Amino acid sequence: MTAPGIIENVTCLGCGCACDDIGITVRDGRITEARNACALGVEWFGDGQVPARSCIDGRDVSLDEAVGEAARTLAGASRPLVYLAPDVSCETQREGAAIADMLRARLDSVTSSTVAGFVLSGQERGYASATLGEIRNRADVILFWSVDLERRYPRFTSRYAPDPIGVHVPDGRRSRTVISVDVGAAVTLAAADHRTTIDPAHELATLTALQAIVRSPDTGSATFARSPGAAWDTARDLAPMLLSGRYVALVYDAEPDERTARSPQRFDALGALGRALNERTRCAAIALRGGGNRSGADSVLTSQTGYPMTVNFGRGYPRYGPHDGLAAAARDGNRSDVALVVGNVAALPSAVSTAWSRVHTVTIGPRASESPLGDRTITIDTGMDGIHTGGTAFRTDDVPLPLRAVMAGFPSAVDTVRSIASLVRRMTR
Amino acid sequence: MTPLRIAGGRVYDPANGIDGDVRDICIDDGRIVADVPSSAPRLDARGMVVMPGGVDMHCHVASGSVNVARRLLPEDHAQHPALAPVLDDLATIPRSGSAGLVPTTFTTGYRYAGLGYTTVFDAAVAPLMARSAHAQLDDTPIVDGGFFVLLGNDDYLLRQIDAGERERAREYAAWLLGASGAYAIKAVNPGGIELWKRGSRERTELDQALGSSRVTPRAILETLADSAIALGLPHPLHIHCNNLGLPDNASTTLATMAALEGRRAHFTHLQFHSYGTSGDGAWRSAAREVIEYVNAHPSLSGDVGQVMLGPAVTLTADAPVEYLLHRSSGRKWANVDIELETGCGVVPHEYKERNAVAALQWAIGLELFLLSSDPWRVVLSTDHPNGGSFMSYPALIRLLMDRAHRDEQIKRVEPKLLAGSTLADGIAREYTLGEIAIITRAGPAKLLGLRDKGHLGVGADADVTVYVPDADAEKMFATTRYVVKGGTLVVEEGQLRRAPAGRRLHVRPSFDAAVTADIEHHFNQYSTVRFANYPVGDLRDASVPLAPSGAR
């Protein structure tokens with residue numbers, strides 16, 4: 001029985017885990033509790049109070065005026081960019097993509113500045129993966145490869161693995177072997193059964209050595225026993241544990257490591273290890289993403305354009321220009337004359353948001369008025385998808401989840417972007 | 001909506017016994033009507049061929065796994081860009097995309113309409129991913145669409161079978177169809193995907209136990225086939241048999257058909273399930289055995305799953321098949337195990353005419369078509385994109401209608417490779433226009449239980465295609481002169497002009513509410529998604545009415 005003022009089964013977008021079991025209490029127009037939420041979730045929900053201004057160059061105007069000016073600015077742009085920031089629903093993302101297509105703009109999201117290496121590796125080589133519930137219900141050996149679970153994905157261990165019971169792991173944690181490998185200084189999981197720290201310079205070599213042992217029909221061969229060096233030492237320790245699993249989960253973080261310089265080739269190596277393990281047993285490699293429906297943007301772009309990020313409609317059809325995110329973002333500022341940014345600007349990497357300091361920007365999203373981006377700005381504050389507006393968002397494993405509106409009273413991002421899209425259609429036909 | 005008269009065309013409406021008569025087709029308010037005022041707008045269809053809009057009953061165009069394939073193949077998209085059409089309607093935003101082996105959503109709708117298709121079903125959606133399928137169908141304009149939901153490896157279903165709770169299994173299927181907004185029940189490699197997740201690399205036999213001896217592929221198929229019938233679903237169980245693509249799998253296919261004796265059941269992409277072996281272990285065609293069985297058993301239907309020589313993308317819930325293809329071809333491989341339900345695998349592929357297996361696959365599909373005795377029960381498909389793109393349907397139609405052309409193509413294939421296939425002996429049959437209308441429209445609509453589609457009788461949905469006849473059937477079917485969808489003229493003088501949204505075709509069977517408590521208990525124990533968040537909720541379009549139980 002639910003007490004009045006509590007909305008159950010709310011989806012949190014604080015990180016890519018997208019827990020959908022949050023109970024939100026709203027009292028006197030404020031969120032006062034987010035039951036089950038971790039620290040990231042509590043911060044993501046906040047108190048639900050957001051500004052509701054529409055501004056042109058910092059001057060308050062009506063919503064209609066801002067929408068009209070936004071459409072005119074975009075329709076008149078010669079090198080427009082549409083950028084999907086975090087914290088908008090798939091429905092909102094789709095409206096942004098439609099505008100980019102109409103304007104023959106570039107279309108991109110925070111994916112390219114954070115996980116481009118992971119995306120490209122998967123496209124070039126494929127991947128063997130699973131949804132998170134498969135890890136929960138089957139994985140008897142879990143290798144956490146340098147994931148800062150406590151800070152970035154706090155409820156992963158209690159919701160997905162290794163703690164919960166599963167269909168094929170009925171004793172939960174006791175049914176599983178948990179291995180934690182830290183690359184450099186990162187702390188993965190103190191409560192692992194086996195913990196190892198490796199030098200970042202040995203990351204690729206270790207993964208490659210592991211792959212070699214796993215692929216070999218004779219894993220106890222003298223060749224491997226003799227191979228010297230720290231990478232082989234680690235691989236020799238880990239391989240038997242991995243090969244003993246009925247269903248091995250390799251869990252890693254696709255997002256950048258802020259503490260340790262890592263090789264961009266690690267995604268290829270992790271993917272290759274996952275494929276190699278599938279020759280001997282079953283394995284799923286799971287990439288964790290940050291919050292705010294990042295996977296949703298990838299999915300919307302993929303289904304509508306064929307490409308998950310870095311789309312250029314300049315010739316009237318989508319072209320793919322994958323790049324190394326941050327470097328390109330710096331160039332972006334010189335490549336665009338107008339940028340439409342949809343989403344939560346505060347969630348952007350600073351290298352991205354500062355790239356538009358000389359661009360005429362239109363920002364639609366929560367707290368847009370608080371972080372005007374360019375040298376000329378139109379900002380329209382909206383509510384937050386998942387707090388003030390419903391819709392759909394994707395978990396890090398591409399499972400689509402419903403978003404709920406727990407509070408009303410703020411303009412919605414999807415309606416605002418759609419209004420701009422309708423006007424742009426009329427102006428550009 | 002304005003009335004319209006399509007005047008003077010040669011009409012092929014096999015469901016109503018019309019086979020090339022010259023007559024007018026009248027449309028008003030989105031439906032076929034007996035007559036319209038003489039002042040009504042008129043399309044001059046004299047000398048042209050008029051058919052109901054095409055119905056594709058098995059393709060992969062709008063699901064999570066289709067998106068896995070799109071994402072895996074940027075190199076294919078780059079070779080097939082698609083400009084946005086110029087549309088008359090200001091309320092619709094025309095969209096660009098990619099038109100290759102796995103087209104993007106908007107382009108898919110435009111291209112199907114351009115071929116004269118007006119109804120399309122995605123054949124395999126995991127219930128957990130249903131929201132994604134609906135979103136992609138929302139972005140697939142013009143065509144009415146729906147999907148089949150995967151149940152053949154469902155954890156909760158298998159538990160009910162284990163417990164002998166066939167009735168509760170049926171109630172679960174009913175609940176799940178509504179919760180996911182699906183049209184029909186699909187079984188892919190029943191039990192076999194679960195075994196793959198458990199580490200099996202063996203063939204899956206019909207009576208193989210999944211842990212418990214009560215849970216076998218046979219038991220899964222019987223349970224689901226009976227459920228579809230008992231629930232009065234418009235389409236029977238849609239079956240992708242065990243051991244797809246494996247040598248000598250025809251014995252599995254025939255055993256599966258025999259297991260469902262007397263029940264309505266649809267066997268999909270039969271070509272991939274019609275392989276035999278000759279004495280020395282070489283591959284041979286078993287198309288004759290399979291099609292003769294289907295011919296002799298009127299409760300069975302199938303679609304062919306023709307292979308078209310050239311590039312393709314294999315994309316299926318049958319994850320173990322994709323692993324094997326990856327290992328044998330070396331092409332890149334994507335796999336996603338989907339919790340508690342099913343799987344998905346993608347491997348790009350090429351059917352090379354010089355390759356023994358590909359050539360035989362191509363021949364087997366044609367044999368199935370040419371030896372089929374009832375076009376109402378064996379319909380056209382390529383299992384897009386697995387056997388080839390839906391854009392190749394016109395080329396396939398030409399192979400069926402034009403023996404001389406077909407024989408030319410057969411000559412290009414190494415004759416030794418066709419040994420064992422009846423095609424090598426020469427099959428004279430040529431499909432008539434009326435038969436093509438059956439296997440691409442009237443037949444699929446009937447098999448799907450779509451009462452208002454696939455025909456041009458009064459009351460039918462006003463989905464009409466007008467082709468310009470040509471001795472080259474591929475040319476004739478590759479472009480349309482006019483296409484009307486739901487009464488709106490969407491293709492005019494060969495150009496796409498309007499792209500209204502299509503309708504969602506789905507069923508919502510009633511179920512015993514008492515069963516949801518047990519389903520919810522299962523969710524609470526094992527699911528990572530809350531029970532309350534699982535159903536997709538009300539869809540914009542009303543559900544399709546169901547027959548009283550057992551009436552079909």
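**Strands across the two chains**

I began with strand S8 of chain A, residues 126-130. I noted one partner pair: A:Ser129 is bridged to B:Val336 in S18(B). I keep in mind that this is a predicted model.

**The contact between A and B**

Next I looked up how many residues each chain brings to the contact. Chain A gives 68 residues and chain B gives 64 residues. The size of an interface is often given as the accessible area lost when the parts come together. I found about 5200 Å² buried between chain A and chain B, with carbon and sulfur atoms giving 50% of that area. On the chain A side, A:Tyr127, A:Arg282 and A:Arg425 lose the most area to chain B. Together they make up 13% of what that side buries.

**Charges and polar pairs**

I then checked for salt bridges across the interface of chain A and chain B, and there are eight. One of them links B:Arg95 with A:Asp101. Their closest N and O atoms are 2.8 Å apart. The side of chain A that touches chain B has 25 nonpolar, 21 polar and 22 charged residues.

**Strand S10 of chain A**

Is S10(A), residues 177-183, mostly covered or mostly open? It is mostly covered, with six of its seven residues buried. S10(A) pairs in the parallel sense with S9(A), residues 141-145, over five bridges. There A:Val141 has A:Thr177 as its bridge partner. S10(A) also pairs with S11(A), residues 194-198, in the parallel sense over five bridges. In that pairing A:Ser180 stands opposite A:Arg195.

Terms used: Residues are numbered from 1 along each chain as its sequence is written. Chains are lettered from A and ligands numbered from 1 in the order in which they are written. This is a predicted model: local features need pLDDT of at least 70, side-chain atom pairs count only at pLDDT 80 or more; totals for chains, interfaces and linings use all residues. Side-chain values use heavy atoms; hydrogens and water are left out. Contact means heavy atoms within 4.5 Å. Buried area is the accessible area (1.4 Å probe) that two parts lose on being put together, summed over both. A salt bridge is a side-chain nitrogen of Lys or Arg within 4 Å of a carboxyl oxygen of Asp or Glu. Ala, Val, Leu, Ile, Met, Phe, Trp, Tyr, Cys and Pro count as nonpolar, Asp, Glu, Lys and Arg as charged, and the others, Gly among them, as polar. Two strands pair if DSSP finds at least two bridges between them. Helices (H or I, at least four residues) and strands (E, at least two) are DSSP runs, numbered from the N terminus. Buried means under 20% relative accessible area, exposed over 50%, partly exposed in between (1.4 Å probe, protein chains only).
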